[in-house]
Each structure stands twice: as structure tokens, then as C-alpha cells.
Amino acid sequence: APEHVSDEVLRHMGKPAFKVYENFARNFKQIDEQLGKNQFVLPYFITGHPGCHLQDAVKLAEYIRDVGFFPEQVQDFYPTPGSVATAMYHTGVNPLTMAAVYVPKGREKNMQRALVQYNKRENYLLVHEALTKAYREDLIGRGKKALIPAKVKSSDHPTGQGGQAQKNKKNSKTRSAQPASAKRSKNKPKR
């Protein structure tokens, strides 16, 4: 399994370059056709691995778009005892080379995961944020290469608020901290 499309990330995983997988997949397809079979190679990708920058995750999302493969499940990197990747995750250093390694954590790790499933509406806000942060607004809009639309209709948006979700989120900090029941009772007519 290739586990990523970025050669830099694959290097941190201890895997060969992505072209090795592409050659394998091409040969597999050719042999499959010669034998009259109808078998497939399903790639397995990992998000948030040490060494994976947001731009690498965008590259992976573009590959997924280009091949028309939309994974239902995503394997997010999870540190496991005794592995080189876990040492990188906790220290930010590759123990084999002693070189510094970027480690995505927190919100960025969530953005990387969402990019792989950019077509899921519940990921829209994270994907939009990731593409903007990665300076890849060219992938937002109506074009053939776009991963997500510029705006989502209110009925289609995961929060039901369309493109206003981020704006409302910012404004919510200035709103009263009254419980919802107190707010409703103010508007109720007296009996």
C-alpha cells in the first residue's frame, strides 16, 4: 500500500517513492486485463503522519479527486509503542537521522483528515479552512479541479447555516451567555 502520495511523507514512513506504487498498479491492471479478471487495487492512505505538511495532504486530496476514489474510512496516524513514527511524533525528531520532523497535531491534523474525505459535507468547513491556510483557494469553487464549492446552500451545509457559519461563529463570542430557555422566555407573551 502506498499510504501517501507525497514522496517526502513516504520517506518518513520508510516507504519507497509513490512512482513505485503507480508502476505496480499499472502492471496489476495490465495483467488483470490479460487474465480476463475484474480485480482492483485499493490504496490505503494515512493522514496526519509525522512529516506530513498541510500541502502534502492537499496533494493527497487532489490525487483522490483525480482517480475518482472516495474513501469511506480514513486511517489517521495513531502513535503505537516501539515504532520510529511514534518516536518522531513525540519528539519531532527522526531517531534514525536526528533531523527535525514536522508533526501535525490538533486542528491541522483534523484538517488533513478532512481533506481526504473532502466530498463529505460535514468536512466542508475544515476543508475550506485547510485550502485557505495552504494558499490553495484555486481548489475552492466551480471548476473541474475544485475540491469544494465556494459556498454551500444552507440546506446542504452541515450546520444548516451555509457560508455564514464562520461569520456567526465569530459573532457568537459577543453574544449573551444566557441559557436558551431564558432567551425564549423573554420573547414569550405574558398570559
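**Buried residues and packed helices**

Q: Leaving aside its neighbours within four places in sequence, which residues is His4 in contact with?
A: In this predicted model, His4 touches Val9, Leu10, Met13, Phe18, Phe45, Ile46, Cys52, Asp56, Ala57 and Leu60, once its neighbours within four places in sequence are left aside. His4 itself belongs to the segment before helix H1 (7-13), and its side chain also reaches the backbone nitrogen of Ser6 at 3.2 Å.

Q: What makes the 3.2 Å between the side chain of His4 and the backbone nitrogen of Ser6 a polar contact?
A: A polar contact needs a pair of N or O atoms within 3.5 Å, and the side chain of His4 comes to 3.2 Å from the backbone nitrogen of Ser6, so the distance meets that cut-off.

Q: How do you know whether His4 is buried or exposed?
A: Buried means under 20% relative accessible area, and His4 has a value of 1%, so His4 is counted as buried.

Q: What angle and what distance describe the packing of H3 and H5?
A: The two helices pack at an angle of about 10°, and their axes lie 8 Å apart.

Q: Why is H3 called roughly parallel to H5?
A: Angles under 35 degrees count as roughly parallel, and the angle between H3 and H5 is about 10°, so H3 is described as roughly parallel to H5.

Q: Which residues make the contact of H3 with H5?
A: From H3 come Leu54, Ala57, Val58, Leu60, Ala61 and Ile64, and from H5 come Glu108, Met111, Gln112, Leu115 and Val116. By class, this contact of H3 with H5 has nine nonpolar, one polar and one charged residues.

Q: Which residues of helix H5 are buried, and what covers them?
A: In H5 (residues 106-116), the buried residues are Glu108, Lys109, Met111, Gln112, Ala114, Leu115 and Val116. Their cover includes strand E1 (46-47), helix H3 (54-67), strand E2 (75-76), helix H4 (84-91) and helix H6 (124-133).

Q: How many helices and strands does the chain have, and what share of its residues count as buried?
A: The chain comes to eight helices and two strands, and of its 191 residues 37% count as buried.

Definitions and conventions:
Residues are numbered from 1 along each chain as its sequence is written. This is a predicted model: local features need pLDDT of at least 70, side-chain atom pairs count only at pLDDT 80 or more; totals for chains, interfaces and linings use all residues. Side-chain values use heavy atoms; hydrogens and water are left out. Helices (H or I, at least four residues) and strands (E, at least two) are DSSP runs, numbered from the N terminus. Buried means under 20% relative accessible area, exposed over 50%, partly exposed in between (1.4 Å probe, protein chains only). A polar contact is a pair of N or O atoms within 3.5 Å; within protein, one must be able to donate a hydrogen and the other to accept it, and residues adjacent in sequence count only if both atoms are side-chain atoms. Contact means heavy atoms within 4.5 Å. Axes are lines fitted to C-alpha atoms, for helices over the stretch in contact, and angles run from 0 to 180 degrees between N-to-C directions. Angles under 35 degrees count as roughly parallel, over 145 as roughly antiparallel, 65 to 115 as roughly perpendicular and the rest as oblique. Ala, Val, Leu, Ile, Met, Phe, Trp, Tyr, Cys and Pro count as nonpolar, Asp, Glu, Lys and Arg as charged, and the others, Gly among them, as polar.
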